[in-house]
Amino acid sequence: MTASTTRRTTAARTRLAAVGSLAVAGALLLSACGDQTSDSGSSSSESAGAASTAPLFSKLPAEIQKKKVIQVGTNAEYAPMESVDGGKIVGVDPDIAAALGKQLGVEFKFTNGGFDTLITAVNSGRYDIAMSSITDNKQRQEGLDDSGKKLGEGVDFVDYFTAGTAIYVQKGNPKGIQTLDDLCGQTVAVQRGTTYEEALQAQSKTCTSGGKKALKIESFENDTEAQTRVKSGGAVAGVNDYPVAVDMARKAGGGNTFEVLDKQYEAAPFGIVVAKKNTQLRDALKEAVDAIIKDGSYQKVLEKWGAESGAISQSAINGGK
């Protein structure tokens, strides 16, 4: 979800900042934030509970306490992390938000929009936070592009999950793709603005510097289009967050459309995006994440969605590199 005009990845979608052989200097090239809201909305819970009894309600900024709602921007195309089911946004992130809501005494209201606009939308005040499998990395924290040029304000992250990057291919792996190096000279599909798009760009340079052909990277507005390209054979592979790729391979075509290579590249944290100026909200969220880890509700959410591999033992602020 790993998201340059960022997922996403901001669809962040992400969503994942790759390290090691997937290391990228990638930045979040943020586009102007238009009206990306879809008709699909989701509240993290029907009732956040009585604010006066919520243990961390007093930690929130006064304006959040007054409205008792945290507006969340997301890009709901990354099952099991977030997706739309029956008009409702469901998944790991909404359920974690619901658990956070019980600690904070507020409702988390999710709005579906474009991944590559989420960070801009948080900084503009349209959303209080963004929660969409967005990889926490230094470029996004500092608002830099891949050359180190300052592009925006940057944001803070409250880390709550970790995931590696996966390569997925057609079922049966007809081209015999086993590693990133096998993608040299091949067509690869990816969602535009994600950190794994940046990872593929870095890999393409590795290919050419080693005397091999560059990758042909086909970037799409959303991840569904990238998956369709791989399914049709127009691309030999796609790249996505590991839990997303595994869930997709399990469900698509009854498990007969894709398979995920048996390698997860080094993991990086997903973080809740908060504007730099909203330090009080950031710190309250960090405390709430630690609280749900401690009380076991966090682990129950991950087990529900088969995402236990991404569990963390403690939250961090700006823990990405």
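User: Where is Asp93 found, in terms of helices?

Analyst: In this model, which is a predicted one, Asp93 is found in helix α2, the helix that covers residues 92–104.

User: And is Asp93 buried or exposed?

Analyst: Asp93 counts as buried, because its relative accessibility is 0%.

User: Which residues is Asp93 in contact with, leaving aside its neighbours within four places in sequence?

Analyst: With those neighbours left aside, Asp93 is in contact with Met81, Glu82, Phe110, Met131, Ser132, Ser133 and Tyr160.

User: Staying with α2 for a moment, how do the axes of α2 and α8 cross?

Analyst: The axis of α2 and that of helix α8, residues 279–295, come within 9 Å and cross at roughly 105 degrees. An angle from 65 to 115 degrees counts as roughly perpendicular, and α2 and α8 are therefore described as roughly perpendicular to each other.

User: Which residues make that contact?

Analyst: On the α2 side the contact is made by Ile96, Ala99, Leu100, Gln103 and Leu104, while α8 brings in Ala284, Leu285, Ala288, Val289, Ala291, Ile292 and Asp295. Sorted by class, the contact of α2 with α8 has 10 nonpolar residues, 1 polar residue and 1 charged residue.

User: Switching to strands, what is the order in the open sheet of 3 strands?

Analyst: The order is β3-β4-β5, and the pairing in this open sheet is antiparallel. The edge strands, each of which pairs on one side only, are β3 at 77–78 and β5 at 88–90.

User: How many bridges join β4 to β5?

Analyst: Strand β4, residues 82–85, is joined to β5 by 3 bridges, and the two run antiparallel. As a landmark for finding this pairing in the structure, Ser83 stands opposite Val90 in β5.

User: What about the peptide bond from Ala79 to Pro80, cis or trans?

Analyst: The bond from Ala79 to Pro80 is cis, with omega near 5 degrees, and Pro80 has its place in the loop between β3 and β4. For background, most peptide bonds are trans, and most residues other than glycine have a negative phi.

User: How many aromatic pairs does the structure hold?

Analyst: The structure holds 2 aromatic pairs. In one of them, the ring centres of Phe161 and Phe270 are 5.6 Å apart and the planes are at 25 degrees, so that this pair is stacked. Phe161 lies in strand β8 (residues 155–170) and Phe270 in strand β13 (residues 265–275), so the pair ties together parts that are 109 residues apart in sequence. Phe161 and Phe270 are both buried.

User: What about Tyr168 and Phe258, stacked or edge-to-face?

Analyst: Tyr168 and Phe258 form an edge-to-face pair, with 5.3 Å centre to centre and 80 degrees between the planes. Because Tyr168 lies in strand β8 and Phe258 in strand β12 (residues 258–260), this pair ties together parts that are 90 residues apart in sequence. Tyr168 is buried at a relative accessible area of 0%, and Phe258 is buried as well, at 3%.

User: Which residues is Ala252 in contact with, leaving aside its neighbours within four places in sequence?

Analyst: Ala252 is then in contact with Thr257 and Phe258. Ala252 is found in the loop between α7 (242–251) and β12, and at 18% relative accessibility this alanine counts as buried, since the cut-off for that word is under 20%.

How values were computed: Residues are numbered from 1 along each chain as its sequence is written. This is a predicted model: local features need pLDDT of at least 70, side-chain atom pairs count only at pLDDT 80 or more; totals for chains, interfaces and linings use all residues. Side-chain values use heavy atoms; hydrogens and water are left out. Helices (H or I, at least four residues) and strands (E, at least two) are DSSP runs, numbered from the N terminus. Buried means under 20% relative accessible area, exposed over 50%, partly exposed in between (1.4 Å probe, protein chains only). Contact means heavy atoms within 4.5 Å. Two strands pair if DSSP finds at least two bridges between them. Axes are lines fitted to C-alpha atoms, for helices over the stretch in contact, and angles run from 0 to 180 degrees between N-to-C directions. Angles under 35 degrees count as roughly parallel, over 145 as roughly antiparallel, 65 to 115 as roughly perpendicular and the rest as oblique. Ala, Val, Leu, Ile, Met, Phe, Trp, Tyr, Cys and Pro count as nonpolar, Asp, Glu, Lys and Arg as charged, and the others, Gly among them, as polar. Rings of Phe, Tyr and Trp (its six-membered ring) pair if their centres lie within 6.5 Å; planes under 30 degrees apart count as stacked, over 60 as edge-to-face and the rest as tilted.
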